Every structure is written in structure tokens, then in C-alpha cells.
Amino acid sequence: MSTPEALWASGTLRHLRPSAIACRGLRRRAGGVTLLDGLNLIVPVGARLLVASRPSESATMLLRILGGVARAEQGTIHLAGLPISDDLPGGWARRVGYVPPTSALPGWMSGREALELSARLLGFDHAERPVRIERAMSGAGLATTPDLDRPLRRAATAHRELVALAAALVADPEILVLDEPLRALDPWDRWRILGALEPRATLVVASRTPAAEEGFAREVAFIGQGRVVVHAPVTELTRRGLPLTLGGLEQLAALGVERPSRATASPRDAGTRPEAR
Amino acid sequence: MTQVATLAGLSLRELWISFRLLGGLVAFASGGALVATAPATAWRSLALGVAVAMAVGAGLVAGAVATDRRRGFAGWLVARAVPRSSLLAGWLLAGSLALIVGLAISGISALVLGGLAVMPTHDAALPAALAASAAAAPAAIGVATLAGLVAAPRPAMAATMVLVAGWLVAIVLLVPASVAAPGAGLALLAAPGADAPVTALALRAAGVSLAAGAVVWGAALVVASRADL
């Protein structure tokens with residue numbers, strides 16, 4: 001058994017709750033609107049975090065920055081204590097799997113081609129690619145059907161979403177960042193697939209309809225005016241009789257039960273979870 | 001390098017499937033065919049045709065880059081461990097290859113339709129002038145990539161076509177072949193026998209064009225490093 005396996009098996013990591021993601025002072029404007037205004041957020045390893053926001057573009061922008069496809073104007077992001085940089089090929093992208101809300105793949109490409117391309121670009125050698133692809137397909141609940149060889153423009157939206165998820169799983173990332181994932185699937189299938197994702201992976205999911213993530217998310221972060229104004233277990237809402245909706249989260253913020261990330265902590269502290277108030 | 005070749009192959013496939021590549025190549029063949037329409041000014045017509053065809057080709061590449069960015073495919077690639085610099089290199093390789101193949105098609109088209117009568121007296125003049133013109137391709141594709149990184153597909157296409165056409169047509173009409181300017185290969189193509197030695201002038205024109213291309217690509221790298229993909 002490898003050292004990380006042993007740590008997980010013993011529950012040590014779950015007990016220590018080191019941070020998978022530590023964002024500090026993220027600032028970003030887009031289209032004349034301040035979407036992130038000094039945002040701080042710490043996400044522990046193995047978390048199932050739901051991110052919601054008003055406006056909804058704030059959560060999307062945060063996930064795009066975590067996925068490496070957008071830049072913050074200010075602030076820092078640490079993954080497991082290390083600053084991220086896309087100048088290290090295979091570094092960030094292998095550790096973070098980002099799935100955008102709509103399929104970004106060209107319509108002429110088949111699902112199989114997309115998965116093969118993903119494995120090739122991630123740098124896996126010829127022998128390892130089929131194994132990676134098989135595992136990713138299994139993880140995303142994507143069956144080997146004739147649809148897999150058809151151009152994606154002819155495939156159902158649900159199939160395209162599963163291909164996008166499988167492509168993100170090829171690298172077996174330790175952090176999965178999903179923006180409105182698997183919306184085209186029926187709720188049961190969606191819950192089954194998201195619930196079966198690698199339990200050791202940290203999941204960050206953005207949603208405009210938080211109630212749809214009930215039963216899947218364990219923590220929720222609500223971004224208001226560009227900052228995290230609520231970061232609490234989902235059970236906090238239940239305890240106070242509030243629904244898991246944007247309105248419920250706003251009420252929770254108004255009640256002052258915010259459990260924000262430690263804004264004043266130094267990057268050296270990025271390996272620990274913030275204490276609840 | 002394998003990653004860049006894969007990306008260039010993807011870009012070429014995208015250009016081909018969307019009929020953009022075919023449209024560009026037809027523009028180059030038509031540019032070459034201009035020699036047959038006005039034998040008295042055959043070379044100037046060819047150079048103008050090639051200048052416009054390069055502008056059309058660059059515009060199509062700008063549209064493809066902007067479409068990749070808007071659809072999120074560029075971001076998908078970056079999320080697959082592709083550095084932004086490699087993404088740019090893939091676009092540069094694919095776009096330049098398309099323009100260089102287009103230039104060769106223009107030359108062949110000119111020779112086939114114009115016949116030997118339009119050949120310049122200096123045997124090396126046509127290939128040297130075409131090669132020097134091809135050296136402007138990276139700069140033209142750099143402009144296309146910059147436009148594709150900052151604008152929506154249609155504005156990016158239009159802006160690139162106007163900019164590249166303005167630049168190259170001005171070179172053909174206003175700049176003597178002896179002047180060292182980016183794109184001066186087209187001036188040489190407009191009057192291949194007028195200035196000697198052709199090969200030396202072609203080499204100098206190619207060098208200046210490539211240097212200009214390097215400056216444009218430096219700017220594209222800076223923009224790409226900050227762009228939302």
C-alpha cells in the first residue's frame with residue numbers, strides 16, 4: 001500500500017482536513033461588473049462543495065479561474081499548499097479536472113476521439129491511454145455504445161455531457177470543478193453518477209439551482225457581492241429550517257452564520273481547514 | 001512538439017470541415033488566375049491577388065480562433081495540460097501552413113493560366129518572390145490570432161481582413177521591392193525582374209517579414225497569457 005493510500009485508509013487525512021484549494025483575495029471584473037471582490041475560500045480535501053452566487057456569473061468565474069481558463073486580476077490560488085501555474089505542463093491540468101456548463105467540444109468530433117485526444121494531450125503514452133479512457137468512461141457512467149463513435153453534434157446533450165465529464169476524469173484529478181454538471185440527465189442518473197465519483201477527490205460544483213444538489217453537496221459556499229458570505233455545512237440550513245435555495249442562503253448570510261475562510265492566514269497555512277466560529 | 005503538431009492538425013481539420021480551408025485555397029487559386037486577365041500587368045495583378053487571398057486566409061483563421069475561444073474549445077485544451085504558448089504555436093503552424101500551401105497554389109495557377117509568356121527573365125524570380133511572400137504568413141496569422149483572442153468571430157474576421165489586406169496591398173502598390181519592409185516579398189512578386197539581384201532582395205524581405213512576425217507573436221503571447229479562453 002502506498003503512503004497516500006495508507007493515510008486515506010487510516011482516516012488521517014480526513015481527520016486533519018488539509019486544504020485542497022485555498023483562494024485568497026481573488027478579484028475579477030467582467031463586462032463592467034465586479035464578479036469577485038477579494039474572495040477568500042478554503043476547500044478541504046475530499047469536500048463536496050456547492051458554490052452558489054448572486055449574480056450567478058460570480059460562481060462561474062470562480063470555477064473558470066480554478067479550471068485555468070480565466071485569470072484573476074488579483075489574488076492567489078494554492079492547490080494543496082502549492083501555488084498554481086499553467087507554465088508547468090501537466091501540473092495544474094492533471095490535478096484539476098474542469099467541466100464547463102456546456103460542451104466545448106467541436107461537433108465533428110466523436111466522443112471516442114475526444115477521450116483519446118484528452119489522454120494524448122495530458123501526456124499519457126500509447127499503452128496507458130486505453131486504460132485511462134476505460135476507467136474514465138466507467139467513472140462517468142459512459143457506456144460503449146455506437147453513440148461513442150458518432151459526431152457529437154448528432155449525439156444527445158446527455159451523451160455530450162457524459163463525454164465532457166469522462167474527458168475530465170482521464171487524468172484522475174484530485175480536484176473536480178464542475179459548472180452546472182449533467183443538467184440533461186434525469187435527476188436519479190445524475191445523482192448516481194456524481195455520487196459515485198472518486199470519494200477521495202475534492203468536488204466543487206456550481207449551480208444556479210442549489211436545491212438540485214441536495215443530497216450530494218455536504219458544504220455550501222454562497223458568494224454575494226464578490227465575497228464568500230456563507231461557507232457552512234448544508235445541514236446548517238436544515239437545522240435552521242431554511243431551504244437550499246439562493247433565498248435560503250441569503251437568509252443564512254443575514255443570520256450571520258458565515259464561516260468564512262481565514263482571510264488573514266498566510267499561504268503557509270493553506271494546508272489547514274478554517275475553524276468554525 | 002508532438003502536442004503542437006496535434007493542435008495544428010486539429011486546427012487544420014476544423015478549417016477543412018467548416019469549409020474555411022477550401023474557401024481560402026479557392027481565393028489563392030483565383031489570385032493566381034489574375035495573371036491571365038491582364039497580361040500587361042500580370043505580376044502586379046498576381047501580387048494583388050495573393051495579397052487579398054492572404055488577407056482572406058488570415059481572416060478565416062481569425063474566425064476559427066475566435067470560434068474556438070467563444071465555444072470554449074480553447075479553454076478545454078488548456079484544461080488538458082496544453083500551455084497557452086503551445087495553443088498559439090498550434091494556430092501559428094496550422095495558419096502558416098495553410099497560407100504557404102495557398103501561395104504555392106497561386107504560383108501554380110499563375111503558371112498554368114499565364115503560361116511561360118508571363119515568366120520573368122530571371123529563372124529564380126518567381127520561386128524567390130513567392131518564398132519571400134510566404135515569409136509574411138506568420139505575421140498575418142499573428143494578426144489573425146490577436147484579433148481572434150480579443151474579438152467575436154465576425155468582427156475578428158473583418159478586422160483581420162481589413163488590416164492584412166490594407167498592409168499587403170499598400171506594399172504592392174506603394175513600396176518598391178528594394179525597400180526593406182515587412183511583406184516586401186509581395187513587392188518583389190509585383191515586379192520580379194525589375195530589381196536585381198532577386199534572391200538577395202527576397203532573402204532580405206523574408207528576414208524583415210519574419211522579424212515583424214516575431215514581434216506580432218510576442219504581442220499575441222502577452223494577450224493570450226491574460227485572455228479568458
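**A sheet in chain A and its surroundings**

Author: In this predicted model, strand S1 (residues 19–30) of chain A is joined by five bridges to strand S4 (residues 74–79) of chain A, and the two run antiparallel. Within this pair, Ile21(A) has Leu79(A) in S4(A) as its bridge partner. Strands here are DSSP runs (E, at least two residues), as helices are (H or I, at least four), numbered from the N terminus, and two strands pair if DSSP finds at least two bridges between them. Residues are numbered from 1 along each chain as its sequence is written, while chains are lettered from A and ligands numbered from 1 in the order in which they are written.

S1(A) and S4(A) belong to an open sheet of four strands in the order S2-S1-S4-S5 (chain A), with antiparallel pairing. Strand S2 (33–44) and strand S5 (82–83) of chain A stand at the edges, and each has a single partner strand, so one side of each is left without a neighbour in the sheet. Helix H3 (residues 56–67) of chain A packs on this sheet, where it touches S1, S2 and S4 of chain A (touching means C-beta atoms, placed from the backbone, within 7 Å), and its direction makes about 60° with that of S2(A). Such angles run from 0 to 180 degrees between N-to-C directions, along lines fitted to C-alpha atoms, for helices over the stretch in contact.

Strand S3 (residues 48–54) of chain A has other partners: four bridges join S3(A) to strand S8 (residues 202–206) of chain A in the parallel sense, and six bridges, also parallel, link S3(A) with strand S9 (residues 219–224) of chain A. Arg48(A) stands opposite Leu203(A) in S8(A), whereas Ala52(A) has Phe222(A) in S9(A) as its bridge partner. S3(A) is mostly covered, with six of its seven residues buried (20 or more other C-beta atoms, placed from the backbone, within 10 Å of a residue's own).

To set these strands in their chain, the secondary structure of chain A comes to ten helices and ten strands, and 44% of the 277 residues in chain A are buried.

Methods
This is a predicted model: local features need pLDDT of at least 70, side-chain atom pairs count only at pLDDT 80 or more; totals for chains, interfaces and linings use all residues. A residue is buried if 20 or more other C-beta atoms lie within 10 Å of its own, exposed if 12 or fewer, and partly exposed in between; C-beta atoms are placed from the backbone. Two residues are in contact if their C-beta atoms, placed from the backbone, lie within 7 Å.
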